[in-house]
Amino acid sequence: MTPHDPVPEPPETTPRRRFLALAGATALVAAGLGLLATLLRSVVPEVLYEPARRFPVGRPADFPPGSVTFVGERRLFVFNTPAGFYSVSAVCTHLGCNVAHQEGRGFACPCHGSTFDEEGRVRKGPAAWPLPRYAMSVSRRGELVVDTRRTVGPGFRLRA
Amino acid sequence: MSAGLRRLYRSVFRVGWPRTPKQRLQAMLSSLLLHLHPTRVRVHVLRPSYTLGLGLASFFLFAVLTVTGLALMLYYVPHPGGAYRSMLDLRYAVAFGPFLRNAHRWAAHGMVAVVFLHMCRVFFTGAYKPPREFNWVIGVLLLLLTLALSFTGYLLPWDQLAFWAITVGTSIVAYFPLLGPQVRYLLLGGYEIGQAALLRFYVLHCLILPLAMAGLVALHFWRVRKDGGLSAPAHASERRVMAWPHLVLRELLVLVVVLVLVNAFAVAVNAPLEDIADATRTPNPAKAPWYFLGLQELVHYGAIFGGVAVPTALVLALLLLPYVDTDPRGVGLWFSPERRAANALFACLALAVVAVTVIGTFFRGPNWAWVVPWAR
């Protein structure tokens with residue numbers, strides 16, 4: 001072949017060539033998308049190694065009458081009022097910092113200055129939602145159990 | 001030089017030390033690093049007062065971060081039990097460990113600042129106008145990647161500062177409409193900041209984001225060449241000089257300045273390290289890294305407003321800018337009078353960003369209440 005040979009013309013497309021080209025393109029796209037979907041799905045965790053969402057926090061006697069207890073490792077407060085027990089989340093609904101309890105004046109968040117009343121209702125923003133109040137029950141072993149999957153209204157009190 | 005050494009040198013560099021014009025051309029063309037440059041450069045773009053060397057300085061800081069980051073990786077354990085211990089090891093038990101960590105920290109902070117200033121330079125000189133629109137878009141993506149790298153790196157020391165900054169940051173993610181909570185779940189590998197989140201941030205910080213960065217940086221540089229070199233006014237002199245030595249020496253000068261500053265900061269100022277991360281104890285005030293304190297200040301007025309609406313609008317405006325403002329006048333000059341309105345608008349936005357950052361950094365105390373820093 002000398003440098004002056006003309007470039008050979010591409011062969012004429014026949015139905016068979018067109019079919020094979022289409023089949024090849026389809027296979028390439030399908031394989032690529034399949035791989036991508038597998039990859040993306042695999043990064044969504046199936047099993048979490050996180051603490052249980054329903055757990056005991058202690059015996060009723062561990063919470064003196066009239067007290068407010070911060071259960072640090074569960075990030076919630078347990079109130080023991082004359083009407084009964086209730087629990088309020090310590091995780092600020094604004095951006096996830098722990099709120100601090102101020103005796104008789106509700107909660108204040110150190111991150112962006114939201115404040116809440118004793119029931120967890122927003123007193124001053126930027127938080128838009130109240131601190132969740134979690135359902136409580138007494139286990140057969142006589143322990144107070146908090147279920148963070150279930151929230152309850154402001155009037156909830158557990159007699160124990 | 002003996003004949004043997006000369007042969008060895010030639011086998012590596014192909015051309016001798018550039019002296020003649022022909023050798024200078026060949027030097028630029030035959031080296032992998034240098035061939036990204038043109039062989040001859042317009043005098044206009046060589047003036048230090050035009051570019052301030054900011055783009056190049058960002059690149060050199062990225063290089064410093066890559067090298068120091070690789071060294072840190074040899075000691076770092078991405079596990080809640082080991083991460084903080086590696087920080088203590090780096091401080092007390094690794095030769096030049098504090099220097100390495102300081103250099104990485106200050107180079108990272110410097111890179112955020114320099115990339116921001118580079119963007120300001122490109123705007124005020126109108127360098128985003130056609131045909132450079134797409135390279136501006138890549139530049140915006142590089143700014144976002146720089147912030148993402150800083151953010152993911154921030155969690156790794158696993159101290160109180162890290163833990164609560166990431167708590168705030170990932171909670172902002174959850175406010176995004178539609179997919180926010182799902183993206184947060186994916187980012188953390190669960191609902192809480194723990195082992196899974198640390199490992200994910202580590203892989204993002206050390207591999208995924210740097211690779212994306214390297215690819216986009218290469219594209220950014222390549223596009224500078226393909227778009228006709230750095231921007232210059234239409235009436236500017238077409239006079240060109242040889243890239244070797246005029247461009248190469250100026251670039252080396254930027255490298256020297258960057259290295260000296262990083263070294264000086266790393267020797268003089270220690271990177272902070274607070275107590276080990278503790279989910280039960282929120283420091284008061286809990287602050288994000290300084291480059292996100294403007295965001296945190298805005299978030300204080302409302303999470304949707306400050307964490308979603310404002311940043312989304314800003315990023316969209318930046319991405320669309322070169323396709324909206326295509327007026328070819330005023331390219332290649334600082335603060336061109338033909339671009340007074342655009343420059344004023346951008347200056348206001350940039351100053352607003354700086355202002356909220358300064359407020360968040362210096363004027364906010366416990367419970368994010370207003371404090372005056374000099375009234376102690």
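Reader: Which residues of α13(B) are buried?

Author: The model is predicted. A residue counts as buried if 20 or more other C-beta atoms lie within 10 Å of its own. In α13(B) that holds for L293(B), G294(B), L295(B), Q296(B), E297(B), L298(B), V299(B) and H300(B). The helix runs over residues 293–300 of chain B and is mostly covered, with 8 of its 8 residues buried.

Reader: What covers the buried residues of α13(B)?

Author: The cover includes three helices of chain B: α9 (160–174), α14 (303–324) and α15 (340–362).

Reader: Which residue with a positive phi follows α13(B)?

Author: That is G302(B), where phi is near 150°.

Reader: How many helices and strands are there in chain B?

Author: Chain B has 15 helices and 2 strands. Its radius of gyration is 23 Å, close to the 21 Å that the globule rule gives for 376 residues, so chain B is as compact as a globular protein of that length. Along the principal axes, the C-alpha trace of chain B spans about 70 × 60 × 45 Å. Of the 376 residues in chain B, 35% are buried.

Reader: Among contacts in chain B between residues at least 6 apart in sequence, what percentage join residues at least 24 apart?

Author: The figure is 76%.

Reader: How many residues does the contact take from chain B and from chain A?

Author: An interface can be described in more than one way. The size of an interface is often given as the accessible area lost when the parts come together. Here residues are counted instead: 28 from chain B and 21 from chain A. On the side of chain B that touches chain A, the elements giving two or more residues are α9, α11 (195–226) and α13 of chain B. The largest share, 5 residues, comes from α9(B). By type, this side of chain B divides into 15 nonpolar, 12 polar and 1 charged.

Conventions: Residues are numbered from 1 along each chain as its sequence is written. Chains are lettered from A and ligands numbered from 1 in the order in which they are written. This is a predicted model: local features need pLDDT of at least 70, side-chain atom pairs count only at pLDDT 80 or more; totals for chains, interfaces and linings use all residues. A residue is buried if 20 or more other C-beta atoms lie within 10 Å of its own, exposed if 12 or fewer, and partly exposed in between; C-beta atoms are placed from the backbone. Helices (H or I, at least four residues) and strands (E, at least two) are DSSP runs, numbered from the N terminus. Two residues are in contact if their C-beta atoms, placed from the backbone, lie within 7 Å. The radius of gyration is taken over C-alpha atoms; the globule rule is 2.2 Å times the number of residues to the power 0.38. Ala, Val, Leu, Ile, Met, Phe, Trp, Tyr, Cys and Pro count as nonpolar, Asp, Glu, Lys and Arg as charged, and the others, Gly among them, as polar.
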